[in-house]
Amino acid sequence: MAAMAWRLPTQLATPGKLHHHNDSKTTAYQSSFSWCRTLAADHLLPSSSSSSSSSRSTIIGTNTRRLVRCTARAGVGAVNLAPGTPVRPTSILVVGATGTLGRQIVRRALDEGYDVRCLVRPRPAPADFLRDWGATVVNADLSKPETIPATLVGIHTVIDCATGRPEEPIKTVDWEGKVALIQCAKAMGIQKFVFYSIHNCDKHPEVPLMEIKYCTEKFLQDSGLNHVIIRLCGFMQGIIGQYAVPILEEKSVWGTDAPTRIAYMDTQDVARLTFVALRNEKVNGKLLTFAGPRAWTTQEVITLCERFAGQEANVTTVPVSVLRVTRQLTRLFEWTNDVADRLAFSEVLSSDTVFSVPMNETFSLLGVDGKDIVTLEKYLQDYFTNILKKLKDLKAQSKQSDIYF
């Protein structure tokens with residue numbers, strides 16, 4: 001059997017082949033990376049009766065680069081393993097279970113009675129908290145495809161929350177690893193696959209992570225797996241480390257001068273809506289976008305944190321122009337290419353962009369009440385109330401324990 005090849009560029013520009021990127025926008029950027037990955041599927045995919053491919057190519061910026069194509073042959077056949085032991089519909093595998101969203105998915109699944117298996121990388125500090133909650137933990141690594149198939153045995157549904165670590169090349173986990181995971185899921189007869197993507201990823205081919213997310217969406221759609229794709233705008237939990245904690249510790253809060261607006265959502269709400277969607281047959285094969293009740297600018301978030309913390313923030317503003325210059329400099333060296341890729345994402349988040357969508361249709365489809373979604377004001381108020389109370393209690397205990405001679 002012939003091997004299967006995927007070539008994924010940072011920018012893909014053949015109109016109509018994969019998506020409708022604006023040509024004037026894509027020509028304004030220079031490709032920051034490209035790669036060609038060949039995955040031998042013989043040990044995973046016993047048959048290859050059907051295939052679909054999509055390709056894009058581009059010449060970007062003042063420097064002309066050779067055309068790079070993204071070709072994904074995903075419509076592969078899986079072995080019919082019947083008759084065999086039936087797989088329980090409640091058996092799920094959570095990939096990326098230790099992350100901000102992943103751990104909420106695990107908690108929600110356990111609360112709703114699912115049998116949860118968590119795929120985590122071998123690590124010096126084991127993910128014991130997942131076992132304490134009642135989940136099963138298996139060690140595997142998306143960057144090592146040979147470790148994946150065993151984790152899927154007896155699994156009905158895969159929920160993919162994984163993303164690469166900051167110190168890793170973006171393509172290692174977020175593209176090559178996801179391709180291998182989807183291939184294995186298809187070959188092992190997984191009944192449903194849930195993939196989390198990024199809102200507007202199809203509109204920003206200049207950002208490697210967003211381009212990869214979009215290509216992964218297409219690859220999953222072409223695979224033939226029963227799936228649900230969920231695009232996310234932003235997590236409320238991320239605000240805590242970025243703004244709330246520095247304000248409480250009287251440290252600098254970093255922001256930009258751009259009017260970007262993000263509709264943050266509590267990851268607990270994301271998890272709850274995910275399992276509502278999982279049980280709703282009308283959602284199969286659909287692409288959903290989850291967004292919070294309101295989109296906020298960076299300055300509005302900081303002002304909100306200041307109000308609940310009862311103190312002013314020491315804000316250090318980074319102009320968008322500085323991010324652009326820094327990104328250009330980091331692209332000059334191969335060992336800083338990954339930094340440039342991540343700065344590209346920061347640049348989009350620092351532009352005049354709105355990461356939000358109306359949720360009325362989604363709420364109607366899922367049969368949920370939008371009033372039950374936590375607002376950012378409520379989330380931050382609860383956080384600061386609890387933290388300030390704990391700080392006050394600690395201060396009181398500290399005074400009581402003082403001993404004078």
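How much accessible surface does the protein chain have, and what share belongs to carbon and sulfur atoms? The accessible surface comes to about 19,500 Å², and 52% of that belongs to carbon and sulfur atoms. The model is predicted.

**Figure 1. The protein chain as a whole.** The chain holds 12 helices and 13 strands. It has 405 residues, of which 50% count as buried. Take the contacts between residues at least 6 apart in sequence: 78% of them join residues at least 24 apart.

**Figure 2. The largest nonpolar core.** This core has 100 residues. Tyr196, Phe290 and Leu380 have the most contacts inside it. Helix α4, residues 170-187, gives the core its largest share, with nine residues. In soluble globular proteins, nonpolar side chains tend to be buried together.

**Figure 3. Close-up of Leu380.** Leu380 is among the residues with the most contacts inside the largest nonpolar core. Which residues does Leu380 contact, leaving aside its neighbours within four places in sequence? They are Ile239, Ile240, Leu304, Cys305 and Phe308.

**Figure 4. Helix α4, end to end.** The 18 residues of α4 should span 26 Å, at 1.5 Å a residue. The end C-alpha atoms of α4 are 25 Å apart, which agrees with that expectation. The helix bends by about 35° at Gly177. Gly189 follows α4, and its phi is positive, near 75°.

**Figure 5. Cover around helix α4.** Is α4 mostly covered or mostly uncovered? It is mostly covered, with 16 of its 18 residues buried.

Figure 6. Cys184 has a relative accessibility of 1%. Buried means under 20%, so Cys184 counts as buried. Cys215 has a relative accessible area of 3%, and is therefore buried by the same cut-off. A search of the whole structure finds zero disulfides.

**Figure 7. Thr151 in its loop.** Where does Thr151 sit? Thr151 lies in the loop between β5 (136-139) and β6 (157-160). Its relative accessibility is 4%, so Thr151 counts as buried. With neighbours within four places in sequence left aside, Thr151 is in contact with Leu93, Arg117, Leu119, Val138 and Ala140.

Technical notes: Residues numbered from 1 in each chain as written. Predicted model: local features only at pLDDT ≥ 70, side-chain atom pairs only at ≥ 80, totals over all residues. Heavy atoms only, no water. Helix = DSSP H or I, 4+ residues; strand = E, 2+ residues; numbered from the N terminus. Buried < 20%, exposed > 50% of the residue type's maximum accessible area, 1.4 Å probe, protein only. Contact = heavy atoms within 4.5 Å. Areas by Shrake-Rupley, 256 points an atom, 1.4 Å probe, with all protein chains shown as cover. Disulfide = S-S within 2.5 Å. Core = buried A, V, L, I, M, F, W, Y, C linked by side-chain atoms within 4.5 Å. Expected span 1.5 Å × (residues − 1). Bend = angle between axes of the 7 residues up to and from the residue.
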